Amino acid sequence: MTVEQVLPPSPLTGEHDALPAVADTGSAARAERLMSFLRQYAEGRVNSALMDDRRSVTPAAILDLGKAGLFGLQVAQKYGGLELSHADAYRVIAQAAVMDTNLALIAGVHNAIGVTPIRVFGDDRTKAMVLPEIARGRSLATLAVSEPGAGSNVQGITTTATAVPGGYVVNGRKCWISLGAWAGHVNLLAKTTDEQGRPTGLSAFLVEGHSDGFVPGPEAVTLGMKAFPQNRIDITNLRLPSEALLGAEGQGMAVAQSAFYGGRGMLGGACVGVMKRCLQLTGRFAARRHVATGTLLHNGRVQQILSECVAATRAVEILVQQVAHDLDSGREVSPELYSACKILATELAFRVADWSVQLLGGRGYLDTNVIGQLFRDIRLLRIFEGATETLTVYMGSVISKEPRNLIELVSGRYRAVGTMELLGKTYDRLVAGLPAADRGLRAALRDKHILASITGELACWGLLSAMTEYTAHRTGTELDRYTAFWAGRQLHDRVQQAGDAKRQFEVLDAAFLSERIAEYATEIGDVQQSLAGEDRQLDVLLSRP
């Protein structure tokens, strides 16, 4: 069956014309110059394997990329930045990811969660003082939210900022802080209290990284993105002036959301770059590798896999471009679209990287062939800035209570009324298939979580299916038509799975799981290695008394 038979031309006219371009030829030209520089720089000045082995980027790279403008992508030109549109900034990050994933994530974190809160919530004085420094890479910026007991649950943070005359005293601990030890400027979230200890909400502060009482801890030893530092930060009696507030007191959640949402678009851009690079290498190998039936590329199963990977890459590209277009048009981007971008971009990027390793066979397992490192590095993004499972459950919970945004997107904006009806009917069947409520509160809560997870995943794929079909009708290209067909099949498969209530809701309860896992100790023991490694402690006769 051909793509044309699967997805016939749309009879609609006018409403499916190309989305109006957000014209900024200056931004596009500046982005193209930077992308050309990144390609040249990657050729002669970047050694990803060396940085991976050393767990550190080449120091000169930060300076060189800062001079080129990579750390001021959306900073206004009057402050020394490139002032790129969102679409152009995401293209640059995609190119940076092709150059090196660690450098791309450093730039993405800095530009998204570091710079954005300062651009949006900083006063004129703060912008004039800070933005010229961070735009040229003379100071890196980041965000400190996560704590040992509060990751995605921002409201659960325990770091406090107590009001004192002229400012605040901050105490607490942050963990998993990207660029934590490198950043010269940190957007810090804390719960503020007045001088009598009464809570005044969640607030954000701009902290200089070398401040007394603000001490970065050890760097985490990570599975991938080894040259991308993650640190704990201990905060003890850190004194901040009132001018350090970003926005008003109690506006911290809005500051955090501006950073998180900005980060999701940047992550999507990085995923597009990694996916294209993986397929570039895999396609080259498949065309050259001869097997019994000819080249690997002419094997039907390989073509099937690569077709899915190319469609997934294009689907993520469409999703990221839509987010960028909305932002550049001044349109408010719904949380559902942001969440779908983060969830689908990172999950599909990992799937493409995994298939690339697989298709290379033994060569994929060799760490000298690039794709293995990309596979390890991209794994982080399924966790970073909110794990897929957390975001999916949250998204599903919100949609269950208020589906209006999803309906407006799928049925209204993308004209996919049938897709929205399918999602609604599937949700109704899921609710009807919930086990009896007499199983107890814990079981009911568990079923609620499962229902929310399925709902969130279906919403993501429904939105992607609607968006890709809309794009296919608009452009008419073979790739977009196949991508729409692929996304529709992905949605159909998930709808079929969701229809099996027993499969979805029949799980082992927590008590049984705990007991069974505890029994493993008698079957395999409980080994914890204790042989000492390198002794890095300063000799007691040399250390401070």
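**Entry: ground rules.** I note that this is a predicted model, in which local features need pLDDT of at least 70 and side-chain atom pairs count only at pLDDT 80 or more, while totals for chains, interfaces and linings use all residues. I also note that residues are numbered from 1 along each chain as its sequence is written, and that side-chain values use heavy atoms, with hydrogens and water left out.

**Entry: the whole protein.** I looked up the secondary structure and found 19 helices and 10 strands; these are DSSP runs, numbered from the N terminus, with helices being H or I of at least four residues and strands being E of at least two. I then read the radius of gyration, which is 25 Å and close to the 24 Å that the globule rule gives for 545 residues, so the protein is as compact as a globular protein of that length. For this value the C-alpha atoms are used, and the rule is 2.2 Å times the number of residues to the power 0.38. Along the principal axes, the C-alpha atoms fill a box of roughly 75 × 65 × 55 Å.

For charges, I found 55 positive and 57 negative side chains, and the centres of the two sets lie 3 Å apart. Here Lys and Arg count as positive and Asp and Glu as negative, whereas His and the chain ends are not counted; the place of a charge is NZ of Lys, CZ of Arg, CG of Asp or CD of Glu.

**Entry: aromatic pairs.** I used the rule that rings of Phe, Tyr and Trp (its six-membered ring) pair if their centres lie within 6.5 Å, with planes under 30 degrees apart counting as stacked, over 60 as edge-to-face and the rest as tilted. By this rule the count comes to eight aromatic pairs. One of them is Tyr261 with Tyr338, which I noted as stacked because the ring centres are 4.3 Å apart and the planes are at 5°. Tyr261 lies in helix α8 (residues 252-288) and Tyr338 in helix α10 (residues 335-359), so the pair ties together parts that are 77 residues apart in sequence. Tyr338 is buried, with a relative accessible area of 7%.

I also looked at Tyr414 and Tyr470, an edge-to-face pair with 5.5 Å centre to centre and 75° between the planes. Tyr414 sits in the loop between α14 (404-413) and α15 (417-432) and Tyr470 in helix α16 (residues 441-475), so that this pair links distant parts of the chain, 56 residues apart. Both count as buried, Tyr414 at 4% relative accessibility and Tyr470 at 9%.

**Entry: positive phi.** I reminded myself that most residues other than glycine have a negative phi. Trp176, in strand β3 (residues 167-178), has a positive phi of about 55° although it is not a glycine. Glu385 also has a positive phi, near 60°, and its place is in the loop between α12 (371-379) and α13 (388-401). Glu385 is buried, with a relative accessible area of 16%.

Entry: What does Met225 touch, not counting residues up to four places away in sequence? I found Thr101, Asn102, Leu105, Asp377 and Leu380. Met225 lies in the loop between β6 (214-219) and β7 (230-241) and is buried, with a relative accessible area of 3%.

Leu143 is in strand β1 (residues 141-144) and is buried, with a relative accessible area of 6%. Leaving aside neighbours within four places in sequence, I found Leu143 in contact with Ile113, Ile177, Asn187, Ala259 and Phe260. The C-alpha atoms of Leu143 and Leu189 are separated by 8.1 Å, although these residues are 46 residues apart along the chain.

Notes:
Buried < 20%, exposed > 50% of the residue type's maximum accessible area, 1.4 Å probe, protein only. Contact = heavy atoms within 4.5 Å.
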